Amino acid sequence: MDIIGGILWPIKWVIEAILVGFHSLLTMAGMESAAGITWVLSICGLVVVVRAALIPVFVRQIKSQRKMLEISPELKKIQDKYKGKKDQFSREAMSRDTMALYKKHGTNPLSSCLPLLLQMPIFFGLFSVLNDAYADRPGVGLLDARLSAEFGSAELFGIAPLGSSIASSEGNVAVIIIAVILVILMTGSQFITQLQIMSKNQSPEMKASPMYRQQRIMLYLLPLVFVFSGFAFPIGVMFYWFTSNIWTMVQQFIVIRNMPTPGSEAAQAREARLARKRQRKGLPDPDDEAPGTIAVEEPKKAQRQQPVSKQRAKKKKKS
């Protein structure tokens, strides 16, 4: 076993256990054991388990994004301080100051990518499990020879093997069409997820920061990853990726709707939504003055009378 095989071994074992678990439930429910749709739904079950386990990491990602937003003015000060200084000493000093700022506030830009990074080993583990099954090799755990053969020969709608990709389809039109449709769906879901974050859940301060410009570049670059990967990855793995994208899109929608970034367009929409809800129920606005309280005006200070001499006072009376 090579080094990569040794690293992936425990990941593949867990993946097989989850796949076989969902496959057993589906066959007990009456679905055909060797059918492609049964294995596709088992892959969807794998996504549900993995993404549910990553929810604490997702919460940490949200907190990290909020902290990055809070420190963006300080970050800009550091960037302005070293603006135009391209010597090595200045670059090192800027990097030190930036890292010290991240450490002080307990955040890091990498935290924003953590859910995606943690999914990559699982993604490659599934890729390896599917490839082994497609090559008539038994799994490392619960995917025994019989189940591995079923998984490897499973065909979606009876025409497209789950272990086949555009690159290895040998002209199978059904595989190519399904793969292209999945690439379009993956690209669209990824783009919509990023777009709803950037258009609705960013404050004006964040939109003026350099980090926002980097995110805009990623908005258009990330979908291209799916275009290239869709050519090489098997259909079964693409189903995993697409289902995971749908999970992310729904998860982001719920977070943006219920816990938007303060000052963002989504936060304003939530305030308006809550106000309409209070109005329908006849509840008072918490920002208004509490009923029953009486405003007490502070006594106005009397203007001090300037002393006037007797002679001047007489002149005033005469006038």
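Where is Asp-136 found? In this predicted model, Asp-136 sits in the loop between helix 6 and helix 7. Its backbone stands out a bit: phi is positive, about 60°, although Asp-136 is not a glycine. Most residues other than glycine have a negative phi. The side of the story that concerns solvent is simple enough, since Asp-136 counts as exposed at 64% relative accessibility.

Phe-157 has a relative accessible area of 67%, so it counts as exposed, the cut-off being over 50%.

Stepping back to the overall fold, the protein comes to 13 helices and two strands. Of its 319 residues, 37% count as buried. Among contacts between residues at least 6 apart in sequence, 70% join residues at least 24 apart.

What about the inside? In soluble globular proteins, nonpolar side chains tend to be buried together. Here the largest nonpolar core has 42 residues, and the members that touch the most others are Leu-46, Leu-126, Phe-151, Leu-162, Ile-235 and Tyr-240. At least two residues of this core come from each of helix 1 (3-28), helix 2 (36-53), helix 6 (114-134), helix 7 (145-153), helix 8 and helix 11 (235-258). Another core, of eight residues, lies apart from it and includes Ile-71, Leu-75, Ile-78 and Tyr-82.

The N-terminal end of helix 8 is capped by Asn-172, which places a side-chain oxygen 3.0 Å from the backbone nitrogen of Ala-174.

Helix 8 also turns up at the second largest pocket, where helix 8, helix 11 and helix 12 (265-281) are the elements giving two or more residues to the lining. The volume of this pocket is about 180 Å³. Its lining consists of Gln-196, Lys-200, Phe-253, Ile-256, Arg-257, Glu-265, Ala-266, Ala-269, Arg-270 and Arg-273. Which helix gives the largest share of that lining? That would be helix 12, with five residues.

Terms used:
Residues are numbered from 1 along each chain as its sequence is written. This is a predicted model: local features need pLDDT of at least 70, side-chain atom pairs count only at pLDDT 80 or more; totals for chains, interfaces and linings use all residues. Side-chain values use heavy atoms; hydrogens and water are left out. A polar contact is a pair of N or O atoms within 3.5 Å; within protein, one must be able to donate a hydrogen and the other to accept it, and residues adjacent in sequence count only if both atoms are side-chain atoms. Helices (H or I, at least four residues) and strands (E, at least two) are DSSP runs, numbered from the N terminus. A nonpolar core is a set of buried Ala, Val, Leu, Ile, Met, Phe, Trp, Tyr and Cys residues joined through side-chain atoms within 4.5 Å. Buried means under 20% relative accessible area, exposed over 50%, partly exposed in between (1.4 Å probe, protein chains only). On a 1 Å grid over the protein atoms alone, a cavity is a set of points where a 1.4 Å probe fits but cannot get out, and a pocket is an open set with protein on both sides within 12 Å along at least five of seven lines; lining residues have an atom within 4 Å of a point. Grid points are joined across faces, edges and corners, and a volume is the space filled by probe spheres set on the points. Contact means heavy atoms within 4.5 Å.
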